[in-house]
Amino acid sequence: MSENSIENAFIKQFEAEVHLAYQQTGTKLRQTVRNKSNVVGATTVFQKVGRGTASTKQRNQPITTMNLDYTSVECNLQDYYAGDWIDALDEIKTNIDERKVIASAGAYALGRKTDELIITELEKATQIIDVADSGLTKDKIMAAIELLNAAEVPDDGQRFGVVGVHQWNELLKIEEFSSASYVGENYPFLNGFENRKWMGIIWLLHTGLPLSDTNRSCFIYHKHSIGHACGQDVKTDIFWNGECAAYFVSNSMSQGSAIIDQTGIVKILCKDTA
């Protein structure tokens, strides 16, 4: 096999590994929101559909239409890059572990940016539970659920709760959350991350939630209340630079996020210290 064929095979495998690592362990939140892929252009639109009303009809008469209210939510996309230089590529070609380390580093960087975009939108929530000088309690969670139920947000297994490290420990002190008798098995489809379902909510730990003074922003939301759009999924370019005597690996992605429905998001402010 020629040297050029080996290099092409390496590039294809490297890109596949970056893509897989991004999906499995690069982003925690992309699977928890509404997604739109293969967007063409710098913007896209998510449709928010209002409530319909059922009605009766007379025999042989037309059905009264629901006259649904459609609202368009615009989402702007931006390009993001994560790149680095690689020397001694011949050694990396034959060393699978080293290749995966470098591929994962790029995927993690893109994943953190994806989650950052989603969290930035969640932080704009207008429904806020702010009880001064208290951590994440069962009462706060129930108050958040009450807001969602009052707004008729579906309790259909697509509600998510994202909390910080300290708040996760506070949840573990609640018997109903920590006991398998209440929460059952974890959800393996959120690959690579500990999660569990309690009170109809799938809970995840995230280290990138906003902190203001001693207050950490945590969120409970429905999947369809926030959107993530992707114009270009993870793409990897590798090229040789003779002056540097090294290859440059560039991972790139075009993406954006936007709130679709404020009634489906509740922000809970929690004291982040004991």
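Predicted model: local features only at pLDDT ≥ 70, side-chain atom pairs only at ≥ 80, totals over all residues.
## The four-stranded sheet

Four strands form an open sheet with mixed pairing, in the order E1-E11-E12-E4. From one strand to the next, the twist averages 25 degrees.

Within this sheet, strand E11 (residues 226-241) and strand E12 (residues 246-259) are antiparallel and share 13 bridges. His228 lies opposite Ser257 in E12, and Ile238 has Val249 of E12 as its bridge partner. The hairpin of E11 and E12 has 4 residues between the strands, and Ala245 in that hairpin adopts a positive phi near 55 degrees. E12 also pairs with E4, again in the antiparallel sense, over 9 bridges. In that pairing, Ala82 is placed opposite Asn251 in E12.

## Burial of strand E12

Of the 14 residues of E12, 13 are buried, so the strand is largely enclosed by the rest of the structure. Ser254 belongs to strand E12. The relative accessible area of Ser254 is 11%, and residues under 20% are classed as buried, so Ser254 is buried.

The surroundings of Ser254 can be described by its contacts. When neighbours within four places in sequence are left aside, Ser254 is in contact with Leu77, Gln78 and Asp79, and also with Ala229, Cys230, Gly231 and Gln232.

In soluble globular proteins, nonpolar side chains tend to be buried together. The largest nonpolar core in this model contains 36 residues, of which Ile141, Leu171, Trp203, Ile220 and Tyr221 touch the most other members. Two or more residues of this core come from each of the following elements: helix H3 (96-122), helix H4 (138-150), strand E6 (159-163), helix H5 (165-172), strand E8 (201-205), strand E10 (215-222) and strand E13 (265-271). Another core lies apart from it and has 13 residues, among them Val18, Ala82, Ala103 and Leu110.

Leaving aside neighbours within four places in sequence, Ile141 is in contact with Leu136, Leu171, Trp198, Met199, Trp203 and Ile220.

Gln167, Trp168, Glu170 and Leu171 are buried residues of H5. They cover an arc of only 160 degrees around the axis, which puts them on the same side of H5.

Strand E7 (residues 195-198) pairs with E8 in the antiparallel sense over 4 bridges. Trp198 stands opposite Ile201 in E8. The hairpin of these strands has 2 residues between them, and Met199 there takes a positive phi near 60 degrees. Both Trp198 and Met199 are among the residues in contact with Ile141.

## Salt bridges

The whole structure contains 5 salt bridges, and three of the pairs are described here. Glu116 and Lys113 form a salt bridge in which the closest N and O atoms are 3.1 Å apart. Both residues lie in helix H3, 3 residues apart, which is about one turn of the helix.

Glu176 and Lys138 meet through their side chains in a salt bridge with an N to O distance of 2.7 Å. Because Glu176 is in helix H6 (residues 175-178) and Lys138 is in helix H4, the pair ties together parts that are 38 residues apart in sequence. Glu176 is partly exposed at 22% relative accessibility, as is Lys138 with a relative accessible area of 32%. The side chains of Arg216 and Asp272 also form a salt bridge (3.1 Å, N to O). This pair links distant parts of the chain, with Arg216 in strand E10 and Asp272 in the segment after E13, 56 residues apart. Arg216 is buried, with a relative accessible area of 16%, and Asp272 likewise counts as buried at 17% relative accessibility.

Terms used
Residues numbered from 1 in each chain as written. Heavy atoms only, no water. Pairing = 2+ DSSP bridges. Axes fitted to C-alpha atoms, helices over the stretch in contact; angles between N-to-C directions. Buried < 20%, exposed > 50% of the residue type's maximum accessible area, 1.4 Å probe, protein only. Contact = heavy atoms within 4.5 Å. Core = buried A, V, L, I, M, F, W, Y, C linked by side-chain atoms within 4.5 Å. Arc of directions from axis to C-beta. Salt bridge = Lys/Arg side-chain N within 4 Å of Asp/Glu carboxyl O.
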